Amino acid sequence: MPKMKAVQVNAARQFEVVEREIPAPGAGQLRIRVEACGVCHSDVVVKEAVWPGLELPRIPGHEVAGVIDAVGSGVANWREGQRVGVGWFGGNCGYCDSCRRGDFVLCRNMLIAGVSYDGGYAEYMVAPASAVAKIPDDLGAMEAAPLLCAGVTTFNPLRQCGARPGDVVAVQGVGGLGHLGVQFAAKMGYTTVAIARGKDKEAEARQLGAHHYIDGSTQDVAAALQALGGARVILTTVTNADAMSGVIGGLASNGTLVIVGISQEPLKVSTLDLILGRRSVLGWPSGTSLDSQDALAFSARQGVRPMIETMPLERAAEAYERMMSGKARFRMVLTMGRM
Ligand SMILES: [Zn+2]
Ligand SMILES: [Zn+2]
């Protein structure tokens, strides 16, 4: 059997470079020759084995870009040679109530690439056909990879949360998610506000397209947003509940705080602020493979690009450490040696 190189999280919760048999696609599945795979903070659920039902060893990776190189039986609409990607959404069951209502991202049996089955820290992976997104010709694999998780996670709520062109839309946090959120918001035609901590982030935020910058370390963020008329939407990508709570006062009437960053602590919200301004707080669960495909197409057309650092697959442990340290500018991407 032909072999491939892969990096798995073993039973001792360590990354290890291994040789595995190249998997064959079953019915309804595709095999992807991986070209690049992003390293996402959510890979922590595999590395620390905290996902319910996770079985180790597991090959992580849910920001996968590559080329279809084998098609399983019963797959109607994909063929060998197509460039595709796989994100967090790793396929849906098709029979639960959410699926029957067409709300696939809320599937109760949703599969997660690199968690429910082996992911993209490998030269090849197999995924259900329902999990893949087409990559535009003019978008390279290394740039496409982070768009399949960090990208769609910011793109999808920004286009669906009720803001219209010209509205004030703020993005809190200019990191792995936020640096894409700022670009998407600006390209969607919103009056875009970047919120971060420190004067040094301002130039970069403005380069990414922000029209305004609020320094949360020296300014009252809520007051600064109100001075701009209030935000129709604040997309928060930070993981600090107090920081999230602190911006709610910056929402305009009918404004929405949209949460995509995960905090261990609860939010503090003034009920009167919500009631009197008809304001809301909303969580947003990324998107389906078709949402990812939309994010990729939009990015290719509008010039949205992730800022990345690359490392070869063998150095996955190092790339993961760098991502966890918060020093990556802004997304780590693993590349396969044959590229
Ligand atoms: Zn992710
Ligand atoms: Zn389902």
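Mentor: Two residues are in contact if their C-beta atoms, placed from the backbone, lie within 7 Å. Keep that cut-off in mind. One more point before we start: this is a predicted model.

Trainee: Let me try it on one residue. With which residues is Gln8 in contact, leaving aside its neighbours within four places in sequence?

Mentor: Gln8 is in contact with Glu16, Val18, Pro57, Arg58 and Ile59, leaving aside neighbours within four places in sequence. Gln8 itself sits in strand E1. Gln8 and Gly61 are 53 residues apart in sequence, yet 9.7 Å apart in space, C-alpha to C-alpha.

Trainee: Is Gln8 buried or exposed?

Mentor: A residue is buried if 20 or more other C-beta atoms lie within 10 Å of its own. Gln8 has 22 of them within 10 Å, so Gln8 is buried.

Trainee: Pro57 was on that list. Which peptide bond there is cis?

Mentor: The one that joins Leu56 and Pro57, with omega about 0°. Pro57 lies in the loop between H1 and strand E4 (64-71). A second case is the bond from Arg329 to Phe330, which is cis with omega near -10°. Phe330 is in the loop between H10 and E15.

Trainee: Back to E1. How many bridges join E1 to E2?

Mentor: Seven, and the two strands run antiparallel. Look across the pair: Lys5 stands opposite Glu19 in E2. The strands form a hairpin with five residues between them.

Trainee: Which residue in that turn has a positive phi?

Mentor: Arg13, with phi of about 65°. Arg13 is a residue other than glycine. Arg13 is partly exposed, with 13 other C-beta atoms within 10 Å. Compare Ser286, which has a positive phi of about 55° although it is not a glycine. Ser286 is in the loop between strand E13 (280-283) and helix H9 (289-302). Ser286 is buried, with 23 other C-beta atoms within 10 Å.

Trainee: Now helices. Which residues of helix H10 (residues 316-325) are buried?

Mentor: Ala316, Ala319, Tyr320 and Met323. They cover an arc of only 100° around the axis, which puts them on the same side of H10. Their cover includes strands E1 (3-9), E2 (15-21) and E3 (29-39), helix H1 (44-47), and strands E14 (308-312) and E15 (331-335). After H10 comes Gly326, with a positive phi near 80°.

Trainee: How many residues of helix H4 (residues 178-187) are buried?

Mentor: Nine of the 10, so H4 is largely enclosed by the rest of the structure. Among them are His179, Leu180, Val182 and Phe184. What covers these buried residues includes H3, strand E8 (168-172), strand E9 (191-196), helix H5 (202-207) and strand E11 (231-236). H4 is followed by Gly189, whose phi is positive, near 90°.

Trainee: What about the largest nonpolar core? Which members touch the most other members?

Mentor: Ile32, Val64, Ala145, Leu148 and Ala194, out of 99 residues. Helix H3 (residues 141-160) gives the most to this core, with 11 residues.

Trainee: Where does Ala145 lie?

Mentor: In helix H3. Ala145 has 37 other C-beta atoms within 10 Å, so Ala145 is buried. Not counting residues up to four places away in sequence, Ala145 touches Ala36, Cys37, Gly38, Glu63, Val64, Ala65 and Val333. The C-alpha atoms of Ala145 and Pro306 are separated by 9.0 Å, although the two are 161 residues apart along the chain.

Trainee: Which domains does the assignment give?

Mentor: Domain 1 (3-150 + 287-335) and domain 2 (162-283). Their C-alpha centres lie 28 Å apart. The contact takes seven residues from domain 1 and eight residues from domain 2. On the domain 1 side, five are nonpolar, one is polar and one is charged.

Trainee: One last residue. Where is Ile248?

Mentor: In the loop between helix H7 (241-247) and strand E12 (251-259). Ile248 counts as buried, with 25 C-beta neighbours inside 10 Å. Leaving aside neighbours within four places in sequence, Ile248 is in contact with Leu257, Val269 and Asp273. Ile248 and Arg279 are 31 residues apart in sequence and 8.8 Å apart in space, C-alpha to C-alpha.

Note on methods:
Residues are numbered from 1 along each chain as its sequence is written. Chains are lettered from A and ligands numbered from 1 in the order in which they are written. This is a predicted model: local features need pLDDT of at least 70, side-chain atom pairs count only at pLDDT 80 or more; totals for chains, interfaces and linings use all residues. A residue is buried if 20 or more other C-beta atoms lie within 10 Å of its own, exposed if 12 or fewer, and partly exposed in between; C-beta atoms are placed from the backbone. Helices (H or I, at least four residues) and strands (E, at least two) are DSSP runs, numbered from the N terminus. The arc is that of the directions from the helix axis to the C-beta atoms. Domain bounds come from an automatic or database domain assignment. Ala, Val, Leu, Ile, Met, Phe, Trp, Tyr, Cys and Pro count as nonpolar, Asp, Glu, Lys and Arg as charged, and the others, Gly among them, as polar. A nonpolar core is a set of buried Ala, Val, Leu, Ile, Met, Phe, Trp, Tyr and Cys residues joined through C-beta atoms within 7 Å. Two strands pair if DSSP finds at least two bridges between them.
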